Amino acid sequence: MVYDIAVIGAGVVGSLIARALSQYKLDIVLVEKTSDVAMGTTKANSGIVHAGFDAFSGTMKAKMNVPGCRMMEEVATTLHVPYEKNGALVVAFNDEEKETLQALYERGLTNGLTEEELEIIGRDEVLAMEPNLSDKAVGALYAKTSAIVSPYELAIGAVECAVGNGVEFVRNFCVERISKEDDVFTLKDTDGDEVQAKLVINAAGLFADVLAKAWDGEEFDVIPRVGEYGLMDRSLEGLVTKTIFQCPTIMGKGVLVAPTTHHNIFVGPTSIDLPHDEKENKAVRVGALREMFATAQKSVPSVSPRDQITCFAGLRAHASFDDFHIAPSKTDNKFINLIGIESPGLASSPAIAEYVRDLVIEALGAEPEKNPFYNPSRKPPVYFRNLPEEEKEKLIAENPAYARVICRCETITEGEIRDAIRAPAGAVDVDGVKRRTRAGMGRCQGGFCGSKVQQILAEELGLPVTEITKFGGDSKILYERTK
């Protein structure tokens, strides 16, 4: 089969692009090199919907950030994804940093924010908003439209929506070679399998530069920039309610202390550039967390590694030209490259999806016929722990699997886990269940529920439990039965 469009990469940007295009009567395939949605930058980032004051005016980042932020609430609500407009504070600790706040404020207005959305506030107001902040704070930039969202759930929701509208999702397809003959692109993966399409969208994140070069030799320099995080126990809920920034540097927005949509607090990220051949190196460096917490305590003195339940690292696709590049290749307007989609990529993603949609329409020469069955939403996931008692009882009466709690830390039921596996583009491994349900994300980090999740996956997928993996590939958990 020759598809009309192939989207490469099922991160949040590729997923939202696939969803945006599924409103048309087009044959679309979304290919992903790993076993699941949101396995790259999307699964390990801050989850911040940036307001738009940080990006330098006139850049593509600035052009996409403010409208993307404004669109996010509707997109997240439509897709039933956790979202909260909690606001953000960029905190200054001396007069020089107060000048930085003024520069950010003016940049934000230039980028399209209003005076009602952005405000510089004094020390007393800052500490009234966030009493656990350091009393050394002298003021802050208050970004009222800044929000938090669950990035991996946003990508999952977008893919479920897209698949529901007819998009085909192909896992474990790592594009290695690209060719074109008779107006048809052929994408060949490392196993020799092929996907053919009339138009290709390269949303491959850290490897987008590699694919751009593989297609027509166009050179981009994408640097893997690692960021390490510490995730805190839910008992710290309320330590801060807004996203707490320090003044940004050339390496990024700095170490944050911020809440998540699931009521944890996180600290991070660090920011270190890695060599080009380490685009999959997600190791947490020795000593990185000590350094990170020391920096975070400048903002929130009481935050402590004693309350940390896990740590992890994510990689950002930092382009050497420090901006988004979203454009057709120089040789063919039906090969569209997205290069350097790092922060504020998450916040910008709804706007990026619409921008790419318009590039596709331009490349096709006319707007395609609308899909008469298009549904912008998906079936709402069950969040059992958040339901009123009467709704819990009703669910259990319909399906007793909701009465069996598998993950005690997060109160995740067997019914939710089976739903996650059976969903469009559903979970096929332990981490896939984790991202969709939070089973294994609590204090014990899967110590109690992990084996039960494996057994449910085996039953649902019709596989021996020894074939179940943590995150696809060679990540098997059990190798053989001993009794």
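A residue is called buried when its relative accessible area is under 20% and exposed when that area is over 50%, with partly exposed residues in between. With these words in hand, we can read helix H3 of this predicted model, which runs through residues 95-111 and reaches 25 Å from its first C-alpha to its last, close to the 24 Å expected.

The buried residues of H3 are Glu97, Leu101, Leu104, Tyr105, Arg107, Gly108 and Asn111. They cover an arc of only 170° around the axis, which puts them on the same side of H3. An α-helix has 3.6 residues a turn, so residues three or four places apart point the same way. The face turned away from this buried side carries the exposed residues Asp95, Glu96, Glu99 and Thr110, while the cover over the buried residues includes helix H2 and strands S5, S6 and S7.

Asn94 caps the N-terminal end, with a side-chain oxygen 3.1 Å from the backbone nitrogen of Glu96, and H3 is followed by Gly112, whose phi is positive, near 120°.

Elsewhere, charged side chains come into view. Side chains of opposite charge can pair when their charged atoms come close. Glu459 and Arg418 meet in a salt bridge of 2.6 Å, N to O, and this pair links helix H12 with helix H10, the two residues being 41 apart in the chain. Arg418 is buried, at 14% relative accessible area, whereas Glu459 counts as partly exposed at 46%. Glu460 forms a salt bridge with Arg418 as well, at 2.8 Å, and salt bridges that share partners join Arg404, Glu414, Arg418, Arg422, Glu459 and Glu460 into one network.

Conventions: Residues are numbered from 1 along each chain as its sequence is written. This is a predicted model: local features need pLDDT of at least 70, side-chain atom pairs count only at pLDDT 80 or more; totals for chains, interfaces and linings use all residues. Side-chain values use heavy atoms; hydrogens and water are left out. Helices (H or I, at least four residues) and strands (E, at least two) are DSSP runs, numbered from the N terminus. The expected span of a helix is 1.5 Å times one less than its number of residues. Buried means under 20% relative accessible area, exposed over 50%, partly exposed in between (1.4 Å probe, protein chains only). The arc is that of the directions from the helix axis to the C-beta atoms. Contact means heavy atoms within 4.5 Å. A polar contact is a pair of N or O atoms within 3.5 Å; within protein, one must be able to donate a hydrogen and the other to accept it, and residues adjacent in sequence count only if both atoms are side-chain atoms. A salt bridge is a side-chain nitrogen of Lys or Arg within 4 Å of a carboxyl oxygen of Asp or Glu.
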